Amino acid sequence: MSQATSRPPPTSEPPAGPQTSSMARVVERNIRALLEHRREVERRAGWPERLAHAITRFAGSMTFVLLHVVFYGSWITINLGAIPGVPPFDPSFVGLAMEASVEALFLSAFILITQNRMMAAAAERADLDLQISLLAEHEITRVITLVQEMAKKMNVAAAHDPELRELAEDVHPERVLQTMAAHEQVAEAD
């Protein structure tokens with residue numbers, strides 16, 4: 001016989017104890033911060049965006065597909081005269097084609113609204129990734145400088161490696177972008 005285990009309610013802090021390292025606490029904090037940011041973005045969204053998102057989510061479900069199978073299947077079956085006693089109301093299927101076209105038009109608009117919202121969120125995440133990468137690069141550059149100076153004081157031969165001097169320089173994103181653009185132009189010219 002299985003016993004039901006009760007879980008403690010979620011708290012804002014991860015459980016304390018020997019199994020929780022400081023890295024795990026940092027990860028937990030970051031996850032909570034990102035989820036809170038998502039909730040804030042959802043709260044800031046206007047009702048038209050929330051409606052478009054809800055419609056898009058429903059349109060991408062199996063329930064939507066099954067409802068359409070029943071709806072269009074019934075429409076076609078009735079208008080083919082396959083159900084005795086039920087008169088066809090759209091024997092040429094012009095009404096069906098018009099209804100499907102109008103529905104496709106609106107669904108496309110809702111999907112585009114949702115995609116625009118998703119693209120804005122993706123751009124925001126890309127900006128965050130870039131900022132974190134630039135910060136990490138800056139920190140690594142400082143660590144290289146510090147380690148190189150320590151190695152020089154300890155007379156370690158690798159401290160005089162010319163590549164270390166290059167690595168100890170800050171990366172300037174605009175220069176990287178310019179170099180990438182120049183290489184792309186050369187590749188396109190070939």
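In this predicted model, V26 has its place in helix α1, which covers residues 22-44. With a relative accessibility of 33%, V26 counts as partly exposed.

R43 and E40 form a salt bridge in which the closest N and O atoms are 2.9 Å apart. Because R43 and E40 are three residues apart in helix α1, about one helical turn separates them. E40 is partly exposed, at a relative accessible area of 32%. The pair belongs to a network of salt bridges that links E36, R39, E40 and R43.

A further salt bridge joins E42 to R117, with 2.7 Å between the closest N and O atoms. This pair connects distant parts of the chain, since E42 lies in helix α1 and R117 in helix α4, 75 residues apart. E42 counts as partly exposed at 38% relative accessibility, whereas R117 is buried, with a relative accessible area of 16%. In helix α4, K152 and E149 are three residues apart, about one turn of the helix. K152 is partly exposed at 34% relative accessibility, and E149 is likewise partly exposed, at 40%. The whole structure contains six salt bridges, including those tabulated here.

| Salt bridge | N to O distance |
|---|---|
| R43 and E40 | 2.9 Å |
| E42 and R117 | 2.7 Å |
| K152 and E149 | 3.7 Å |

Helix α4 spans residues 94-153 and includes Q148. Q148 is buried because its relative accessible area, 7%, falls under the 20% limit for that class. Leaving aside residues up to four places away in sequence, Q148 touches A159, L164, R165 and A168. Of these, R165 is 17 residues from Q148 in sequence, and the C-alpha atoms of the two are 8.7 Å apart in space.

F58 is partly exposed at 40% relative accessibility, while F64 is buried at 13% relative accessible area. F71 and W75 also form an edge-to-face pair, with 5.6 Å centre to centre and 70 degrees between the planes. Both F71 and W75 lie in helix α3 (residues 62-79), four residues apart, or about one turn of the helix. F71 is partly exposed, with a relative accessible area of 39%, and W75 is buried, with 14%. F71 and W75 take part in one aromatic cluster together with Y72 and F89.

Helix α6 comprises 17 residues, 173-189. At 1.5 Å a residue, helix α6 should span 24 Å, and its end C-alpha atoms are 24 Å apart, which agrees. Helix α6 is hardly covered, as the count of buried residues among its 17 residues is zero.

For the chain as a whole, there are six helices and zero strands, and the pattern along the sequence is α-α-α-α-α-α. Of the 190 residues, 12% are buried. Among contacts with a separation of 6 or more, 47% involve residues 24 or more positions apart. The accessible surface of the chain is about 15,400 Å², and carbon and sulfur atoms account for 67% of that area.

Key. Residues are numbered from 1 along each chain as its sequence is written. This is a predicted model: local features need pLDDT of at least 70, side-chain atom pairs count only at pLDDT 80 or more; totals for chains, interfaces and linings use all residues. Side-chain values use heavy atoms; hydrogens and water are left out. Helices (H or I, at least four residues) and strands (E, at least two) are DSSP runs, numbered from the N terminus. Buried means under 20% relative accessible area, exposed over 50%, partly exposed in between (1.4 Å probe, protein chains only). Contact means heavy atoms within 4.5 Å. Rings of Phe, Tyr and Trp (its six-membered ring) pair if their centres lie within 6.5 Å; planes under 30 degrees apart count as stacked, over 60 as edge-to-face and the rest as tilted. Accessible areas come from the Shrake-Rupley method with a 1.4 Å probe; for residues, only the protein chains shown count as cover. The expected span of a helix is 1.5 Å times one less than its number of residues. A salt bridge is a side-chain nitrogen of Lys or Arg within 4 Å of a carboxyl oxygen of Asp or Glu.
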